[in-house]
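I opened this notebook to record what I looked up, one topic at a time.

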Amino acid sequence: MQPTWLRELKRTMLAPERFLAAVREKGEMLKYIPEPLRTEELCLAAVQQDGRMLAYVPGALKTETLCLAAVKQNREAMQHVPPALRDTIGKDLKS
């Protein structure tokens with residue numbers, strides 16, 4: 001059994017609001033957050049700050065909205081857009 005202080009430390013250190021604040025300040029922080037803890041909100045905040053962080057977004061979270069936000073922030077992110085969304089994202093950028 002873990003000591004109470006260790007359980008409390010884990011709970012506060014892995015608090016979602018800490019991760020969100022970190023990626024809002026510096027999108028690059030997304031790559032240091034364990035993948036199972038990367039939420040759509042967290043990933044969107046990261047790519048809005050640094051579009052290249054789309055490379056660290058789990059595939060299931062790479063929606064049209066999220067990918068478009070990433071590519072608008074940094075065109076280099078297009079290389080990390082799933083092939084099925086590339087045409088749509090390209091059209092959205094032109095309009």
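The entries below cover a helix and then the salt bridges.

Ground rules. I am reading a predicted model, in which local features need pLDDT of at least 70, side-chain atom pairs count only at pLDDT 80 or more, and totals for chains, interfaces and linings use all residues. Residues are numbered from 1 along each chain as its sequence is written, and side-chain values use heavy atoms, with hydrogens and water left out.

Helix H5. I took helices as DSSP runs of H or I with at least four residues, numbered from the N terminus. I looked up which residues of H5 are buried (under 20% relative accessible area, with exposed over 50% and partly exposed in between, for a 1.4 Å probe and protein chains only), and found Leu85, Ile89, Gly90 and Leu93. Seen down the axis of H5, these buried residues fall within an arc of 140° and so line one face of the helix, the arc being that of the directions from the helix axis to the C-beta atoms. The face turned away from the buried side carries the exposed residues Ala84, Asp87, Lys91 and Lys94.

Salt bridges. I searched the whole structure and noted three salt bridges, each a side-chain nitrogen of Lys or Arg within 4 Å of a carboxyl oxygen of Asp or Glu. Aspartate 50 and arginine 52 form a salt bridge with their closest N and O atoms 3.0 Å apart; aspartate 50 is buried at 10% relative accessible area, whereas arginine 52 is partly exposed at 41%.

How values were computed. Helix = DSSP H or I, 4+ residues; strand = E, 2+ residues; numbered from the N terminus.
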